[in-house]
Amino acid sequence: MLLITGAAGFIGGNFVHHWFGHSSEPVIVLDKLTYAGNPQTISSHLRSGQATLVQADICDREAVRQLLAAHRPRALLHFAAESHVDRSIHGPGEFVQTNVVGTFSLLEEARAYWSSMPADDRAAFRFLHVSTDEVYGSLSDTDPAFSETTAYAPNSPYSASKAGSDHLVRAYHHTYGLPTLTTNCSNNYGPYHFPEKLIPLMILNALEGKPLPVYGDGQNIRDWLYVRDHCEAIRQVLEKGRPGETYNVGGKNEVKNIDVVTTICRKLDALRPRPAGRHEDLITYVADRPGHDRRYAIDPTKTEREIGWQPAETFESGIDKTVRWYLENTAWVDSVRTGAYREWMDTHYGVRAAA
């Protein structure tokens, strides 16, 4: 049995699908079901009984304690996080609460649970914490990619809160011996991605003939990682990773934001042509967000060497799969685009465009 937090969200939900492609071991999903959590993402596994969903906050230590006691999981995989930089700029408190206090709450309950286990079970237990490359800060065009020894230099409330959670996980291993694993990944994309993020936002806006808002000059660079490649890395790190270690997971696909958008436009021109003109005609440059990091890049050499993992998708193959998924899964898209979400998008990008 695995206990997985945040598995009604994007990466966690994809991990559940990926997990059951390799294992029949059941999972308990602990998810607060905020705006970005959608049970439909994992509905097939909930119906089959392979997965059980418990709606609760990771800050609710009593709820976490009860789940650990009732289900006796061999591992806790921690995906739950507030993760959108723009939202963290407008409301940092939620990010500190969920990402820092929530991770602390899980660590405390996991430590108590782990301490009560028989010796063999204690040796086998793992607390796997899923984090981000944004904790390392920003790179210039000529800097080497982030490695596991790169100094932390977070630049947004989101990345600072994730850095804090990473430090707590490290401390609980070194102070208490809790067998932790941390993964720091580059930008994920793929199925079930909430449509406020760059790639799904561009796909869906383009399909509706809406402007495609690109921050600043569009030259910001990200290392893009197809989400199922990330899920496979996590599965292997859980199996093979050394307790107390950090493993960087990157896609080896550094692409400028504007090139991401034009690639999506080119795919849509072929798959779903506009009645008049090209999708690229919808691109609109908007005022940059505060503190926008210029470049991220991950060096996954340690993970490749120690774990034996390699990304399977190039950006071209992954983005093709992603665009096709959104074209074929409109019901899921409609289910997550609530009134509250639309209001936030209109307010946020409306202000940006007018700035």
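How much space lies in the second largest cavity? About 70 Å³.

## Ground rules

This is a predicted model, where local features need pLDDT of at least 70, side-chain atom pairs count only at pLDDT 80 or more, and totals for chains, interfaces and linings use all residues. Residues are numbered from 1 along each chain as its sequence is written, and side-chain values use heavy atoms, with hydrogens and water left out.

## The second largest cavity

A cavity here is a set of points, on a 1 Å grid over the protein atoms alone, where a 1.4 Å probe fits but cannot get out; lining residues have an atom within 4 Å of a point. Points are joined across faces, edges and corners, and volume is the space filled by probe spheres set on them. That gives two cavities of 30 Å³ or more.

## Helix α12 and F315

F315 is found in helix α12, residues 315-328 (helices are DSSP runs of H or I, at least four residues, numbered from the N terminus). F315 counts as buried because its relative accessibility is 7%, the cut-off being under 20% relative accessible area with a 1.4 Å probe, protein chains only.

Leaving aside neighbours within four places in sequence, F315 is in contact (heavy atoms within 4.5 Å) with Y189, I199, W224, N253, V255, V260 and T263.

Conventions: On a 1 Å grid over the protein atoms alone, a cavity is a set of points where a 1.4 Å probe fits but cannot get out, and a pocket is an open set with protein on both sides within 12 Å along at least five of seven lines; lining residues have an atom within 4 Å of a point. Helices (H or I, at least four residues) and strands (E, at least two) are DSSP runs, numbered from the N terminus. Buried means under 20% relative accessible area, exposed over 50%, partly exposed in between (1.4 Å probe, protein chains only).
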